[in-house]
Amino acid sequence: MRPQLCVSLVVLPGSLLALAGCELTEVTVAPGERMVVVQSVVSRTQSRQFAVIEYSSTGEQIGRTPIGGAVVTIEHLGPGPCTGRVDTLTETRPAPPAFDIKGVYRGSICPPEPGARLSLRVETPAGELVRGSTTVPGASRRDITVGDQAAVASYDTLLFRRERDTIRINVSPVSARGLQVEARHDRSFDASFFAFVDTLGMTVAGNLVNPFEGSDGETVFRAGRYYWITVALADTNYYDFLRSRSDPFTGRGFLNHLEGGIGVFGSVEAESHILRVVAAVDDPREGRYRVTGQTSAGAVDVTLEAYLDDLQEGAFSAFVEGAWLGFSLRTSGDGFLGKSSGPPGLSSETLAFQFQSSSGDTLGPVVFTLHGTRSTSSEPFTLLLSGLSGTGREVLRDTLTAQQISGPGSGPSGPAR
Amino acid sequence: MTLTRRFLATSLALVAPSLVWPARAARAQDRTVTGVVLDRADSLPVRGMAAGVAGSSARALTDSLGRFTLTGVPRAPIRIVVYGAPFLPDTVLVPADRDTVTIYLRRQLVRLAPVEVRGEPLLPRVRFEQIAQPSTVTLTAEEIRRAPSVLEADVIRAIQLLPGTIAKNDYSIGYNVRGGESDQNLVQLDGVPIFNPSHVGGLFSTFDADAIARTDFLTGGFPAGSSGRLSSVLDIGLRPGNEESLHGSAHVSLLSSKLLLDGPLPGPGTFLASVRRTYVDAVVSAFTREVLPYYFTDAVAKVHLPTGPGGFVSLTGYWGRDALDLPLVDSGETRDPVNLGLGWGNRLLGLSWRTTAVGVPVEARAAVSAFSTTLGLLPNLARFDNSARLHLANVAIEPLSGGRHTLRGGMGVESYRMAYDISSPTLGTTFLSTRYQTTVWSAFVDHQWSPGPLRLRPGLRMEHVPEAGFTGLSPRAALKLFLNPSLAVTGSAGRYFQAIHSIRDQELPVTLFEFWIGADQYVPVARSDHAVLGVEAWKGAEFQLTVEGYRKTFTNLVTPNRANNLRVRGDEFLPVSGNAWGVDVLLRRHAGRVRGWIAYTFGNAERRVAGVTYPPAHDRRHTLNVVFQAPGPLGSDLAVRWGYGSPLPYTAWVGQWEHRVYNATDHAFDDSFTEPIAGPINGARYPLYSRLDLGFRWQFRKWGARWEPYLQIANAYNRRNAFLYYFDFDDVPPTRTGVSQLPFLPTFGIEVRF
């Protein structure tokens, strides 16, 4: 054991930080007690359900310890047409297997009705038995409005003017304990907005800022982006799973509703809509750009509708719409529009933009990058196009032409926006 | 309402006997000398002074009107000695043909270390001889000021070194007394309860040690006049201002700077005012581009006005504020600002009035005490607001005192209002909005009978909480039986009720604040029964030894119910019961070149929640504190504290799991965080605790002022006492690390008195 010196001297008046304790020497402790961890959230609006089954960490094995070979069933306790049916989730391995996915069980189940009870039963090869049950939530009415537009159906697109619009959500439940609302940029994994409440109602202002990201916060809804906003009604089990966690001092806090294990068997009813976020255009760099050209993979004729970010200088997002390498594209991406460190007196700006798209059957998901120097006089300028596959291989490199066609910087000759 | 009326009628019946008692008890003695002790400056009566006949065992304490009665005095000229801080001792000659005397005491112009005058009684010694009230320790302002401390003298840090008291760690001024929770400790300033007496998240107490006159600490078996909490009463008295001229002191420590002024008012009366503020934020702003977004400040003031013979009006005010304001997002054309804000503070205003009505001393008090805190992403993203407010009024009469019988009775009402609001105006959501309203009506009678070697003190208290439909009768009794003039068997027993609780998880290691809730139809009134038995012995007037065994039960305590539904009232807590027993030993030297105390506590406590029995986080078997002051090197006054504590319990992890995050858009888990799996609650124990603190203080006069530079060294041998443990069961083999409590920490400062 290496002796460590830990002395705090107060050298500045009032240096309260000196009161901080020192880190204690790390010691080895006895291996812990193994527990079965089951985590499964049934979504009423999804046809396939899943459960992740693993052992807790005990200090005897590095990494997670998935449990393979378990028998996982969901029994419908009713009411509803599925009453009495027992569905089985089977251990699956999606192709191609990107990583060790043992311990994930999937399967279709009979669609439960709101208010129906489901019972989960997990039996591991070692004989451990975990049980849980959930009452499926549902709503008799959902009122979701964005500005003055009401959401009508799942995945409809709503225009969201971020400076003045508010998303208003009100749900009349058949059965529900809470509400989870999340907004994700292009369905990316990181939610720009994630909140849960037990009021079954919420308003989300368009100018919301996440104060914990960036040096001066981060805009939750950036103009020039599509967002998937999902409103999920939660049952008690999932709501408790959301709101609770054990504190490290007393080890208490997590609300567990499983018998024989720890985790969750809960359920949600989720509905998603798409927000097209726009804002006022007042910077010369903002507006629409037309990008055209012929590449080795096909023709390009798209518009970029660009909006600068409210908080990060030069950062912008843009909708990309039009013909792209042989198919119709409708997506959004992020980029940078700022002054370059070019020769003195030269009025030029760098434009760098990136978006992800599938580019036809042959290329698969590709990250496309546009890079060039923006003309400040609305003259056409050149953009370098490159495409990287998911494996990092460059699949495309070509040159396109861009021209700002609307916005304050498009000049008197530019088309009106 | 019916219950309340019935309660008032019963209370009057309870108090009524005390009104007629004087006629029965005013029997003449063979030679009884009565007197009154007044402040020379304003002729106000002085309470708590020790009066004794030189060369005789006749001694007494002055009552609230400054009166004392000395019985068994020989019919001959005598010298009566009167003594007590902050006055200079005085001796008066009383002729044989005179049985009454008025003594005027002069305040010490400059507060000195305790004066050692042989042959004169010390206050604790007189209390030992006169009063049946075990489990009481008094600390003088000087003892508090000179005790080793961190950064600044702190009254609650000093209290933590007394027997029966356990501090769970160095970072919290929260303390546990005889197996009780920290919310069971009543802390009051000039008789007014204060809800959360701490700064810097519980690191320092709110009280300016320089403004304190005396601190009485009761660890159990409280008399009938004291209640409101189950486990202890800490009564902090502000000193009145200097009556002769303007005085003051300035103090600069590494924590704060403060200024205290006291002196006479233009008319009759005195004032004292003290202001304190941390200055690190100003220093950081002045010398760097950084911003330290935290400060605390407090102010305390007292005005004392005589209103006639034996009467006065006293007004005490306190205001404190801790503020953390960290800008996260600046406001813009299209966005609101977001600041991480945390602010809390106590405020109190207390008015005391003392007078004599029909020859009976009457003391009345009206006060308001409030605490508020706001935490959140302000102003609108998310906010938590909590407030607690107490309005109280009480009156007590003391028709008999100083003789064989002392009698005190009184009535009072305490009205509590607590509010909790958690909301996000931005999201248009209110997560929690809860109000608690609790009223406690009380009446008591407290009598002491002192026949020969026995001091018997029965008492009765009645409390009525209409919102909870609760009426409780609390019998109290204390006794002292002298085996010889310097050795007595002591004991007390009683029932205690507490109508407000803290909903904070008492097992957490740090007390940021207590979150108070009040008894109502859902929340019960907590109860504790105490039994104390011990001995107290003295050697001369200097050495005191007390040994007390105790047993306590706890019923209807609360702990937070983490599964509570914020929309449902009444499920926010789980009921807790428990018990505690132990032995407290105090060996104390009150005067001399080397003075201080050795406090030892043996304790044993347990709690029961939902069928599970466990030791609470403060269940420490052995606690030893050695505290003394003595002449030190280089002409300094040396203060030493060595503390030892046997292991405290904590909840160890037995594993961990990945708590996944559900993505409702993609119907998949896309993230996770680690959750601990706890072993048995408080089933493991930290290593033992020990710490040595040293304090050095020098004095010199310069420019007409007295300068007192000081150096304090906390944890002088830099022992790494465990504060928290962290486990990692993803490691193979699993590991544990943690954070220590206070490291070796030298601090310094200077005080100037003028």
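B:S256 is buried in this predicted model, with a relative accessible area of 0%. B:S256 belongs to strand β18 of chain B, which covers residues 256–264. Which residues is B:S256 in contact with, once its neighbours within four places in sequence are left aside? They are B:E152, B:H251, B:R276, B:R277, B:T278 and B:Y279.

For contrast, please turn to B:E290. This residue sits in the loop of chain B that runs between α5 (280–287) and β20 (294–308). Is B:E290 buried or exposed? Its relative accessibility is 55%, and B:E290 therefore counts as exposed. With neighbours within four places in sequence again set aside, B:E290 has contacts with B:V284 and B:S285.

The buried residues in α2(B) are B:L123, B:P124, B:R125, B:V126, B:R127, B:F128 and B:E129.

Let us now consider chain A. Its secondary structure comprises one helix and 28 strands. Chain A has 417 residues, and 52% of them count as buried. Of the contacts in chain A that join residues at least 6 apart in sequence, 56% are between residues at least 24 apart.

The helix of chain A, α1, spans residues 236–243. Why may we describe helix α1 of chain A as largely enclosed by the rest of the structure? The reason is that six of its eight residues are buried. Those buried in α1(A) are A:N237, A:Y238, A:Y239, A:D240, A:F241 and A:L242.

I come next to the disulfide. How many disulfides does a search of the whole structure find? Over all chains, the search finds one. The partners are A:C82 and A:C110, and their sulfur atoms lie 1.8 Å apart. Such a link is a covalent bond between the sulfur atoms of two cysteines. The link of A:C82 and A:C110 is left-handed, with -65 degrees about the S-S bond. The pair joins distant parts of the chain, 28 residues apart. A:C82 is in the loop between β5 (71–78) and β6 (86–91) of chain A, while A:C110 is in the loop between β7 (104–108) and β8 (117–123) of chain A. Both cysteines are buried: A:C82 has a relative accessible area of 6%, and A:C110 has one of 13%.

Finally, I turn to the interface between the chains. Here 101 residues of chain A are in contact with 85 residues of chain B. The size of an interface is often given as the accessible area lost when the parts come together. Between chain A and chain B, the buried area is about 7600 Å², and carbon and sulfur atoms give 59% of it.

How many salt bridges are there between chain A and chain B? The count is four. In one salt bridge, the side chains of B:R562 and A:D247 meet at 3.3 Å, N to O. There are also 32 residue pairs in polar contact between chain A and chain B, both residues being at pLDDT 80 or more. On the side of chain A that touches chain B, the residues divide into 48 nonpolar, 33 polar and 20 charged.

Methods
Residues are numbered from 1 along each chain as its sequence is written. Chains are lettered from A and ligands numbered from 1 in the order in which they are written. This is a predicted model: local features need pLDDT of at least 70, side-chain atom pairs count only at pLDDT 80 or more; totals for chains, interfaces and linings use all residues. Side-chain values use heavy atoms; hydrogens and water are left out. A disulfide is a pair of cysteine sulfur atoms within 2.5 Å. Helices (H or I, at least four residues) and strands (E, at least two) are DSSP runs, numbered from the N terminus. Buried means under 20% relative accessible area, exposed over 50%, partly exposed in between (1.4 Å probe, protein chains only). Contact means heavy atoms within 4.5 Å. Buried area is the accessible area (1.4 Å probe) that two parts lose on being put together, summed over both. A polar contact is a pair of N or O atoms within 3.5 Å; within protein, one must be able to donate a hydrogen and the other to accept it, and residues adjacent in sequence count only if both atoms are side-chain atoms. Ala, Val, Leu, Ile, Met, Phe, Trp, Tyr, Cys and Pro count as nonpolar, Asp, Glu, Lys and Arg as charged, and the others, Gly among them, as polar.
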